[in-house]
2 protein chains.
Amino acid sequence: MSASDDSDPVIGVVVVTHGGAGQCLLHAAGTIVGPLEATEAVSAEMEDSFEEVIRHVEQACTDVDHGAGVVILVDIHGSSPFQACLAMLDGTRTVEIVCGVNLPMLLKLATVDRRDLRPYELAELLRDVGRRSIRLGSELTGKIALQESR
Amino acid sequence: MSASDDSDPVIGVVVVTHGGAGQCLLHAAGTIVGPLEATEAVSAEMEDSFEEVIRHVEQACTDVDHGAGVVILVDIHGSSPFQACLAMLDGTRTVEIVCGVNLPMLLKLATVDRRDLRPYELAELLRDVGRRSIRLGSELTGKIALQESR
C-alpha cells in the first residue's frame with residue numbers, strides 16, 4: 001500500500017531536446033508502457049531564439065505542474081536548451097533538472113509513484129536508472145548466458 | 001599526432017531506437033558538431049516484424065562498416081530492437097552494442113578518432129561518456145557557482 005493518496009498531484013516531467021528527440025522518446029515510452037500522465041516534450045529548434053525556448057519550456061512546466069513540482073529531463077548540459085531549463089529555477093515552482101536523458105528514464109515513470117516523492121528524489125532516481133541502463137551488450141549477454149547455464 | 005592513418009577506415013555507428021528518436025539524435029548531433037561520417041539510424045516501428053527490424057539493422061551495419069567494425073547504440077536492452085542488435089553478433093563482422101543511448105554519446109563521436117580504436121574500446125568509451133553525462137542540474141550549477149566564485 002502506497003503512502004500517497006490517489007488525489008495527490010503527480011510530479012510533472014518535461015523532456016527538453018535539440019530537435020524532436022523528446023517527442024520521439026515520449027512516444028516510444030507510450031507505445032511500450034502506455035501513456036505517461038503529466039509529461040510533455042519541448043523541441044528546441046536551431047531557428048528558435050533563446051527567449052522562445054525559455055517560453056516553450058516555461059509553458060510546458062506550467063502544463064504539467066499540478067502542485068507537486070517538475071523534473072526536467074534535458075539532452076545535454078551546457079547548451080542553450082539547458083540554459084533555458086536553468087531559467088526555470090527562479091522560484092516559481094520546485095524544479096529539478098537531469099541531463100543526458102535516455103529512454104530507460106522515461107520507462108521508469110510508468111512504475112514509480114510520482115505522488116510519493118519530491119522532485120529532487122525523483123530526479124536522483126531517474127539519474128540512477130539512466131546511468132545503470134547504459135551497459136555494453138556483451139555485459140548483458142554474458143549475464144544472459146550465465147543465467148541460462150544455471 | 002595520431003597513431004592512425006587517415007586512409008584507415010573508421011568504426012561505423014548505428015543508432016537503433018523504438019520510433020524516430022535515433023534519426024532525431026543523429027540530426028541534433030549534426031547540428032551541434034557537424035555531420036558524423038559512417039553513422040546511420042534505424043527506427044523500429046510497432047508495425048515492423050522482428051525479421052524486418054533485423055533486416056534494417058543488418059543493412060545499416062553493412063552501410064557503415066568499412067572494415068573497422070560497428071558499434072550499435074540501442075535505446076533499451078531486453079526489447080525486440082535490442083534482440084535484433086544481438087542477431088548482429090553472428091560473426092559476420094566485429095560488433096559491439098551499447099544500451100541506453102543518449103545525445104552526449106553521439107557528440108563524443110566528433111572528437112574521438114574512430115580509426116584508432118577497436119569497436120569494444122569505442123563502446124566502453126561511449127558507455128562511460130553516456131553515464132558521466134547523466135547529472136543533476138543542481139550538481140552542475142553548484143559546480144558553476146563554485147567556479148564563478150573563484
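This is a predicted model: local features need pLDDT of at least 70, side-chain atom pairs count only at pLDDT 80 or more; totals for chains, interfaces and linings use all residues.
**View 1. Where chain A and chain B touch.** Each partner puts in its share: 40 residues from chain A and 40 residues from chain B make up the contact. On the chain B side, the elements that each supply at least two residues include strand 1 (12-18), helix 3 (80-86), strand 4 (95-99) and helix 5 (119-133). Helix 1 of chain B gives the largest share of that side, with 7 residues. Sort the chain B side by class and you get 20 nonpolar, 14 polar and 6 charged residues. The copies meet through the same surface, because 100% of the interface residues of chain B are also interface residues in chain A.

**View 2. Helix 1 against helix 1.** Zoom in on helix 1 (residues 21-33) of chain A and helix 1 of chain B: they pack at an angle of about 160°, and their axes are 8 Å apart. Since angles over 145 degrees count as roughly antiparallel, that is what we call this pair of helices. Their crossing is left-handed.

**View 3. Side by side in the helix pair.** From helix 1 of chain A come A:Ala21, A:Cys24, A:Leu25 and A:Ala28, and they meet B:Ala21, B:Cys24, B:Leu25 and B:Ala28 in helix 1 of chain B. The tally for this helix contact is simple: 8 nonpolar residues, no polar ones and no charged ones.

Technical notes
Residues are numbered from 1 along each chain as its sequence is written. Chains are lettered from A and ligands numbered from 1 in the order in which they are written. Two residues are in contact if their C-beta atoms, placed from the backbone, lie within 7 Å. Helices (H or I, at least four residues) and strands (E, at least two) are DSSP runs, numbered from the N terminus. Ala, Val, Leu, Ile, Met, Phe, Trp, Tyr, Cys and Pro count as nonpolar, Asp, Glu, Lys and Arg as charged, and the others, Gly among them, as polar. Axes are lines fitted to C-alpha atoms, for helices over the stretch in contact, and angles run from 0 to 180 degrees between N-to-C directions. Angles under 35 degrees count as roughly parallel, over 145 as roughly antiparallel, 65 to 115 as roughly perpendicular and the rest as oblique. A crossing is left-handed if the near helix is turned anticlockwise from the far one by less than a right angle, and right-handed if clockwise.
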